[in-house]
Structures are given as C-alpha cells and as structure tokens.
Amino acid sequence: MSNKTFYITTPIYYPSDNLHIGHAYTTVAADTAARYKRMRGYDVMFLTGSDEHGQKIERKAKSEGLTPIQYVDGIVANFKHLWEKMLITNDDFIRTSEDRHIKVVQQIFQNIYDKGDIYKSEYEGRYCTPCETFWMDRQLDEGKCPDCGREVELLKEESYFFRMSKYADQLLKYIETNPDFIQPKARRNEMISFIKQGLEDLCVSRTTFDWGIPVPIDDNHVIYVWFDALTNYISAIGYLDDPETFNRYWPADIHLVGKDIVRFHTIIWPIILLAADIPLPKEVFGHGWLLLEGGKMSKSKGNVVDPLILIDKYGVDAVRYFLLREMPYGNDGSYSEGALVHRINMDLANDLGNLLSRTTAMINKFCDGKIPEPSSMQDEDTELFDLAARIPGEVEELLEKMEMAGSLAKIWELVNKSNKYIEDMAPWSLAKNPDTKARLGTVMYNLAEVIRIVAVLCTPYMPTLPNKIYQQLGISDNKEIHGWDSAKKWGSIPYGVEINRGESIFPRIQPEEAEVVQEKADSKPKQAPTEEAANLIDISEFAKVELKIAEITVADKIEKTDKLLKLKVSLGIEERTVVAGIAKHYEPDELLGKKVVLVTNLVPATLRGITSQGMILAASKGKKLSLLTVEKDVPVGSKVK
Ligand code: MSP
C-alpha cells in the first residue's frame, strides 16, 4: 500500500428525492480527483453517502405510508444505482442510519457534553425544515428562509446548545494560518467576515420529531441533523474502533461541497472537531451551482434534470465531460440540453473524434494500417512535441486545485494543436510523393503518439474513452503506456503496431435527437425577441456550421434536369458526392480542380435519387451566380471560419 494517502469526500445527500445533475456534478468532480490521485500512486479513500435523518424525511415517509427507514432504503438504492451508472469509484458509502455512524455521533456529543461545551436551555427561533436550519429573526429575508426563500416555523422548545462562540477565535486563527483551508479564495473571505460578526451558540437537539439519533443523555431529544451529518466524515473511517484506518486517512485532504453548505463545513464542523480534540480537515472546497436557464433546479419547480436519462441517451463519458467542462472554477455553470449536445458535437465528435478517425484512416491508407517508424524531427514536430511535454504538468497543477474545467481546456489545447498539425503537414500530399515517405512516417507516428497522450490525460474524466482509443491504435494490451507518467514520455507508442480503425468514438448528435430531458420546462413565458435581436446569432451558433475547402474532382450532368450537377469533391482523406444547382452557370469541365467551400455537417439529402453529402457555397443575385473559392492556395480539408 502506498504511503501517500488522499482522502476526499462529497456531501452526503438527502434522500428526500432522487438526485439530479447538480448533485451528480459534485460526485463526478470528486471521482475525477480520486481517479487522478490513484493514477499518481496515492492510496485513495473516496467517500460518499446519504444523510438520512430529520423532520423532512420523516414527513415524506409518512406521506407515502412508509416508515422512515423503508422510505430511505428505496431512495438510497437509487443513489447507489446512479453512482454505478456514472462510473463513480467511491471506496465506501456511509449511511447515517448505520450503527457504525450512530455510535460515533453519540460519543462525540457525549465527549463535548462532558467537557461542558454542550448545555441544556430553552430555544425560541425560526426553523426552515427543508434546509434543516435555525435562523435568527435578523437573518430572515422578508420573514422567509434566506437560503431557499420558503416559510419558516416559529419554534419554542427545550434544547441542547453547543458553545460555538467559545471556539470562534481559535477557528479564525486556524483559517488565517492555513490559507488553503477554504477554497476558492472568495469563499474564504466570506467565511472570515461571517465569523467576525460573532457566532451564536448552536441548538444541537430537537424534541419535535423522532427520526434522528437519540441524545445519549436524554431520550426525549434527537441530535440536530447537521451535527449528525458532518460526523460522517470520521465515522466512515473508523473513528472509534479502527484507529489504524482513521489515522491513515484523517485529516481529510478535501471535503468537496456546494457553495450553499460551505458555512456548515468551515464553521460548525471545525468547531465540533476543535471541541472534540480532533484535527481539522486540510481543505473545504466550495464549488458553484449548476443552474438551468430559469435559475435553480428544484423538485418543487419541477425542472430537475435526471442524469440517468442523459447517460442512456448520450453516454456516460459525454455527460461527465459536459459537467466537468461547463462548471467554471468556483462559479456557477449552466445546463441546457442544447449546450450538452453542442459540447458533444464540437469538442468530442469534431475535435477529438475526428482527430482519431482522420489519423487512423490515413495510417490505413498511407501506411498499410501500421503505426510507422518515425525519423528525424522538424520544427513543426518540435512545436507539437513541446506542447505535449508541457500540457501534462499544467493539467496536474490545475487538477490539484480542483480546476476541472480549466484542466480539460488544457487537454483540448493539445487536441486542437494536433488537428492543426494535420492541416499544416497535409499527410495526403506527403503520400503522393515517394521522396517524402519518411516524412509521412514521422507525421503519422507523431499523431498516433499525441492521441495516446490525450487518451491517458482524459482517463480520470472519461473512464471508458481511453480503452476505445487504445483499441483503435492497437495498444490496448500495452498497459505500461496507459499510466499517468507515460503521458510525459514522448515516443512510448511502439511503431509497427497494427491499428484497428473502428467506429467513431463520439458520433455526432443531430439536433432533432436532442429533445428536452427536463421533467417539465420552465413555465416562465419567454420574452419576445426584438427584431434586431432576432436577426443576430452568437458565435457559437455560427460555429455549428462546419465549412471546409474541397476540390471538385468529377462533375457530371444529371439526366432530365437542366439545373443540377453531380459532383465528386475531395476533402483530403475523404471523398463526397454533392448535388449542386449550378448547371445553368457552369459547364462540368470548367469545374474540375476548383477549390470551393463545402458545408460538411448537413444532414444528407436525396435529390433525383442521388444522396448529396454537403452543400457548396455560392453567391447569387438575380441571374448571376458565382461559386465561392479561395484567394490563396490552401490544402483541401482546411477549415473555413
Ligand atoms: N445533506 C446535506 C449535506 C450534508 S454533508 C455533511 C445536503 N444535501 S443535499 O442533497 O441537499 O445537497 C448535497 C450537495 O449537492 C450540496 O453540496 C449542494 O450544493 C449540491 N447541489 C444541489 N444542487 C446543486 C446544483 N444545482 N448544482 C451543484 N450542486 C448542487 O446539503
């Protein structure tokens, strides 16, 4: 077992309902960090679980005619099923209804009580049941819960209180001397000013419901859910009865949580630990929220997005990629199915998918289906090599800081550079000349190698992708070149290996396949666009149109029509048939060799029984028509943008 350990946790989720893609984001991000650390040789403990007690769950179970445990058993089974489908590699799953958890919570409560930091008194205050949170009058937002905006209940009851105020200075000192404890920075500043306003003692027991852990010294009370829930992070690793495991993993390296619960993790949790004489976690990272166009996702709004449906439709790698790529560091991200499809088509199908399929097609066509032997490097190769040498270290740095989106963008820098390398090197031209055969070998070898490196780097984010790539490159059995460190060893892919060109790893999604997966669309009426706005499109809409330079190689008249011509055009490694309505303006012969602009991502159309795989651009006014062509010579297949 490695002596480098890494303990990462997600929040334990409320089983008041099934989980949505917002929850899935947290767990996928934690899983990516855990997978990455395992690849780097760490002994990882990755924990998730369910936060099962509280009045809300008790009420919900009752409304369904079930006991609380019957009710939560059902939902928790769904949680576990979702995590399996998302390929989450948690090492443990803690349920707060388990004995191993209950006894730790009671012991910690007892220890703090014995020390005199928990005392009995009377409580009068406002309670938000959905958030399981007490508020003081001054904290309410127009009389409602400041977090969720719902009604609060006035409660007056006997309660146990935790002397939080006693530890405020000690906590501030810890935050100040450990600048990385609260991440990102902005949340740290927020918490510091919250503590400086003064901490009230916290009510840590309830008498108005039963579904909770009994207070060890008083059967009439159950322990406040947050005191119960936060303790999961130590009960799961054997705080009371497995000191070896506990000492191995505690203090945790990262508690990954959403921004709404940073306060609980950076104030209440550390103070419980301080009072119980247990070291504090090294870092709490508060990520932003995944929002829908209409704002927050919630069951009561009826706009939650079910990750299981998305996975069945688009595949687990694509959904994971989207979540990780779309959530900017520390800020909120936004979800729409259109944005998901756009990412799949642009980043995965176009950029990465095409890189692999063009490379394997050319190795098949020009190199007898075997990865060729490279010869000496030229400047352009060195540029690609330098980038490939630099990117893994940059990805590591960003991953260590939980900058998931930024780290993926780095990997895509390498993908995009590789696509540009293909355009610049034009292997199809090198293949025409026997004198440039050695050069062709170097170019194709470099492409295979850079794709291998990209596959290695993508492993923590998209777990099923690398094997599909290794399979096509013919290296699925060479495990030693799949590990993280091998991404830093240029030249690891062996030459002479037979490749297996296969299906596209990410087929393009046609827009009509992307219907809305939301349970119910936001019912807010959309504002009518102004005339001006209706005519404008943003750059991402324009970017959906794929335009490339193609050379016309064959042109024929089509019988019984005086408008259409049947053309064959070359895109370099691919040839397409196109039916064009230009017969009145051009003779077939004068078209041969012309370099034109082709729309390459249109749904094929059948005209006069011929399938047309694209559209050639032309300018026309009245009776005049001219094909668009290029002003300087550029290789076929060049992108127009
Ligand atoms: N049970 C508590 C956590 C206790 S941890 C000791 C809880 N549960 S929760 O199910 O309501 O939320 C769990 C996590 O999901 C929180 O970190 C929350 O921020 C996150 N998310 C809920 N909706 C979200 C989005 N729409 N986007 C991103 N994360 C979101 O709080």
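**Notebook: helix α4 and its chain**

I began on the outward side of α4: the face turned away from its buried side carries the exposed residues Asp99 and Asp114. A reminder to myself before going further: this is a predicted model.

Next I looked up the extent of the helix. α4 runs over residues 99–114, which makes 16 residues. From first C-alpha to last I get a reach of 22 Å, close to the 22 Å expected at 1.5 Å a residue.

Which residues of α4 are buried? My list reads His101, Val104, Val105, Ile108, Phe109 and Ile112. They sit on the same side of α4, because they cover an arc of only 130° around the axis. An α-helix has 3.6 residues a turn, so residues three or four places apart point the same way.

I then checked what comes just after α4, and found glycine 116 with a positive phi of about 90°.

Zooming out, I counted 21 helices and 25 strands in the protein chain. Its C-alpha atoms fill a box of roughly 95 × 55 × 45 Å along the principal axes.

How many of the 641 residues count as buried? I noted 52%.

My last entry is on charge. The protein chain has 79 positive and 95 negative charges, and their mean positions are 5 Å apart.

Terms used: Residues numbered from 1 in each chain as written. Predicted model: local features only at pLDDT ≥ 70, side-chain atom pairs only at ≥ 80, totals over all residues. Heavy atoms only, no water. Helix = DSSP H or I, 4+ residues; strand = E, 2+ residues; numbered from the N terminus. Buried < 20%, exposed > 50% of the residue type's maximum accessible area, 1.4 Å probe, protein only. Lys, Arg positive; Asp, Glu negative; His and termini not counted. Charge placed at Lys NZ, Arg CZ, Asp CG, Glu CD. Expected span 1.5 Å × (residues − 1). Arc of directions from axis to C-beta.
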